[in-house]
Structure formats: C-alpha cells, structure tokens
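Let's take a friendly walk through this protein model. Have the sequence and the 3D view open, and follow along.

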Amino acid sequence: MKKILGLDLGTNSIGWALISQDDEKQKNRIIKIGSRIIPMSEDILGKFDSGITESDTAARTNFRGIRRLRERHLLRRERLHRVLNIMNFLPEHYSKEIDFEKRLGQYLKETEPKIAYRFNEETKAYEFVFQKSFTEMVEDFKVQQPLLVAYGKKIPYDWTIYYLRKKALTQKIEKEELAWLLLNFNQKRGYYQLRGEEVDETPNKLVEFHSLRVTDVIDSGDRKAKDEIWYNVLLENGWIYRRTSKTPLDWVGKTKEFIVTTDLNEDGSVKTDKDGKEKRSFRSPAEGDWTLVKKKTEFDIERSNKTVGTYIYDNLLENPGQKINGSLVRVVERKFYKDELRQILGTQQKHHLELQDKTLYNLCLEELYVNNESHKSSNEHKDFTNLFLNDIIFYQRPLKSKKSLISDCKFESRPLKDKDHKLRKDANGNQVMMPIKCIAKSHPLFQEFRLWQWMKNLAIYDKATDKDVTAQFLETEDDWVNLFEWLNDRKEVDHKAILNYLVLL
C-alpha cells in the first residue's frame, strides 16, 4: 500500500487530494481532500489572465512591507523614549503619557501625546510648548519679511522645528527642544539603498545631477530604425549626449537636466575606453522623475553648503509661501540627515553635561541591552552621539545570511576541521570532507569564465570546404585577449559582428 498526494494548481486556486493505493487488492481510497481559493475580483482576474501579474497576493505583500516599516519606526521611537527618560530630557506632559514599567517606551492606551503641544486645563485648549523659540523665529521673519508680519500673516508653530535645527548647530537649545529634534529625526531619516554598510568613498559609479545648456544638435547619420535618428547633443561643458528621436530636436540654447553616471577606477579617477574617451552615460528623464528630483534636491543642498534643516529654514525666510514636503525637499540620502544630527549633537554636547555623563550613558546601555552583554560591552567606550546615530535613530539591521541556499561545488571540497583546528573524522575513521560553495552567476569572475568558455567553443568554418579555419583568425594569444576585451565591452553581439571584427584583425 502506498500514499499519493495529488495537486491541482490553478491561476487563483490550489486543489489537493491524499489517496491510498493498494495494488494487490486493487483498491483505492481517498484519505482527505481540500482546496485553497485565492479570492480575486473580476478586474484583477482579467489583468492576471492577460499577463499583468498584479494580484491580491502582491497587494498583501505590499501592505506587509508597510506594516514592517511602521513597526520598526515605533520600535526605534520606544527605545528613544527610554533613553531620553533616563536623561530626563522629555517634557513632563509628554513623559507622563508613556509607559516605562510594562510596555516600555510605548504610549499609554488610548493616548498619543504631542511633544510640542500641551493641553491647558484652564483654557481647555492645546498650547505650543516651545513659545520662546517661536518668538525668536518671528523676530527673524520681521527682519526678512517685514510686510508679512505687518499685515498680520500667521506663521505656523511647526516651522519652529526648522529654526531649532539651524540654531542647534551653533547655539545652546533646551534639553526638551533637543528631545523634539531627536524624535523628529527618528521620523524622517532619509533614503538609504544599501544595507548593512556605508557607501564607499570611491564607488565604481558616480551618479550626479547636472543642469547644462545645449550648444548644438548634430545628426550623426546613424539610424536606429527607419524613422529614428541618432543625434549628438553638444553641451556647454564639452560633453556629448547621444540620443534617438523621431522628430528633429530643437534644443539649441535650452538648458536641460541630466542624470550623469560616470565609471570610476579604484583610485577615483574616471575610466576611459580604448580611444581615450571617458566612460560616461547620460539620462534626460521627465521633469517629475523620482531620481531626477532626488539628485536635483541633493545638488541644491550641497551647493548651498547648508544642512537640510538650515536649507529649509532659509528658504522659508525668503519665500514663506514655499511648500516644504513634496516640493522643496522630497527625498534625499540618509547621509545628509546623519551629518546634520552629528553636528547638532557635537554642539549640544558642550552645553549639556548629561551628554557627557559616562554613568548616565552606562545606565542607558543597561536599559536597552539587558540580555545582550556582548553588544553592551562593545559600546561601553563610546558616547551618546554614537548611541543616537548608529544604535537607535539610523540603526539598520544587518542582512540575513542566505549562504545555505548556495549550491555546493561538485568538483572541489576541503577537509573539515574542529574548533581546535584538528581534522574531523567519521565513525569509521575516514576524513570528513566539506564541499565549498559555488560562485554566484552574477559574480564578475564567473562572467569572465563563461566568456572564455564560450570563446574556446567558438569555431569558424569555410562554407566551400567545410573545414575549421578558426586558427587563421585567432593565431596568437594576443588575438584571443583582444577578442575577449572586444566582447567584454559589449552587451549584445551577433556572429556576423564577430566575424567582421576578426577580419579586421
């Protein structure tokens, strides 16, 4: 008797049945059956049938990712609350609404206090807590925008956060105001693409934003299709941008915005091709392109030599009607926020002794790492700046290792050793061998190996005699190396192009 599991996989359902089969008695019996139906509306099912794989499953995955981001943000906020409470930096009206005994660092149930606003029992209304700093900010607007104040235009209380971010770089701010800044940075901490490591100082590619005027547009004579022409667009700094267009480009004299990607060597210098031209690619996206807006914002901030908070506040002084979120600053790299907070903490450390107190710092470590002695001991010789920056606000969990999913090499193995570096043997006394892991297909060394393997399998035959004439084209080792370099610089190539290249050799 044997058991058989049968599966019926459909587009929006899975059916299964477990049966027992007795060949001797020629009897079959259904043990259990069932099905799992994935509910899909008619419009989603229609898209799915037409090849657009946007299903309820994908939507659930998207919502799950949002929940994870929110949970991690709340966890960072809870840890920040616990540290600020030990340092006595939280305002009284705010700290009394937080549970520090059972649900550590979380708001009490049915409450969500605002650190910058306090409820006044007498007036039965909320009042702004940091009124002194707001008054100082209004004085700035009286100097820069006298007509705005004269006509009684209201200045939002929320702009005080940008004033404090600028002031904290050079002057002392109150400890409650510093707590407000830290919680604000915890909420908006910038975009970070890499995981677990900082960006190298000299990356292989440099992506920059450039706004350049077009001096000339020349028809190169090349055609991508019958109605598509390759144009050489000459820019004011001498660069040449090649692009195709079905209609003539009337760009002469106009200023265009580009995302320029430059290939760099290990020493940071620009890579060049065989002709000595710098390896640089251009992209001229639409005005609302996310990458273009991001790089343009970063370019403006770097050119101003200001932090993000100072950049926003100074722009508000010049143009109070400026929209901030989604307009002035949308998304910038996390390093801008991290550098700003590092400067703020460095300045406030001179004015607040709590940020220098080693005993207070150790109490915070005890609060956060009760069961993590190794991490606590590794941070004992550091300070609050490192704690806020790397362990709480800008903390990024390390990537999970997926080494177990890499296949074992079937050609090579190594002897397995114990912790004492002694060779391990099995019960029969034989040496235990451990296969090494295969190299990834995307690894440059494997790509190089695959290209050499393809070249060695390359054969050229004469149609008339049906003889292998490969040796006539590739006689020396230099010929093979030149062919490898020529193929390695191209994304796509056909056999005719290879033969033309070998004839030129």
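## A loop residue to start with

R490 counts as partly exposed, because its relative accessibility is 38% (buried means under 20% relative accessible area, exposed over 50%, partly exposed in between, using a 1.4 Å probe and protein chains only). You'll find R490 in the loop between α16 (477–488) and α17 (495–504). Helices here are DSSP runs of H or I with at least four residues, strands are runs of E with at least two, and both are numbered from the N terminus. R490 and G253 sit 237 residues apart in sequence and 34 Å apart in space, going C-alpha to C-alpha.

A quick word on ground rules: this is a predicted model, where local features need pLDDT of at least 70 and side-chain atom pairs count only at pLDDT 80 or more, while totals for chains, interfaces and linings use all residues. Residues are numbered from 1 along each chain as its sequence is written, and side-chain values use heavy atoms, with hydrogens and water left out.

## Helix α10 and its partners

Find helix α7 (residues 175–187) and helix α10 (residues 334–348): their axes come within 12 Å and cross at roughly 165°. The axes are lines fitted to C-alpha atoms, for helices over the stretch in contact, and angles run from 0 to 180 degrees between N-to-C directions. So α7 and α10 are roughly antiparallel to each other (that's over 145 degrees; under 35 is roughly parallel, 65 to 115 roughly perpendicular, and the rest oblique). On the α7 side, L178, L181, L182 and F185 meet α10 residues including Y337, L341 and L345; contact means heavy atoms within 4.5 Å. By class, this contact of α7 with α10 has eight nonpolar, one polar and one charged residues. Nonpolar covers Ala, Val, Leu, Ile, Met, Phe, Trp, Tyr, Cys and Pro, charged covers Asp, Glu, Lys and Arg, and the others, Gly among them, are polar.

Now look at α10 with helix α13 (residues 384–393), where the axes are 9 Å apart and the packing angle is about 150°. That angle makes α10 roughly antiparallel to α13. From α10 come K338, L341, R342 and L345, and from α13 come T385, F388, L389, N390 and I393. Sorted by class, the contact of α10 with α13 has five nonpolar, two polar and two charged residues.

## Two buried residues

Is N186 buried or exposed? N186 is buried, with a relative accessible area of 0%, and it lies in helix α7. Not counting residues up to four places away in sequence, N186 touches H73, R76, R77, L80 and I393. Its side chain makes a polar contact with the side chain of R76 at 3.2 Å. A polar contact is a pair of N or O atoms within 3.5 Å; within protein, one must be able to donate a hydrogen and the other to accept it, and residues adjacent in sequence count only if both atoms are side-chain atoms.

T160 is in helix α6 (residues 160–167) and is also buried, at 0% relative accessible area. Its contacts beyond four places in sequence include F128, F130 and W180.

## Two positive phi angles

Most residues other than glycine have a negative phi. K124 has a positive phi of about 55° although it is not a glycine, and it lies in the loop between β6 (117–120) and β7 (125–128). K124 is exposed, with a relative accessible area of 57%.

N305 has a positive phi of about 55° too, and it is not a glycine. Look for N305 in the loop between α8 (290–304) and α9 (308–318), where it is exposed at 72% relative accessible area.
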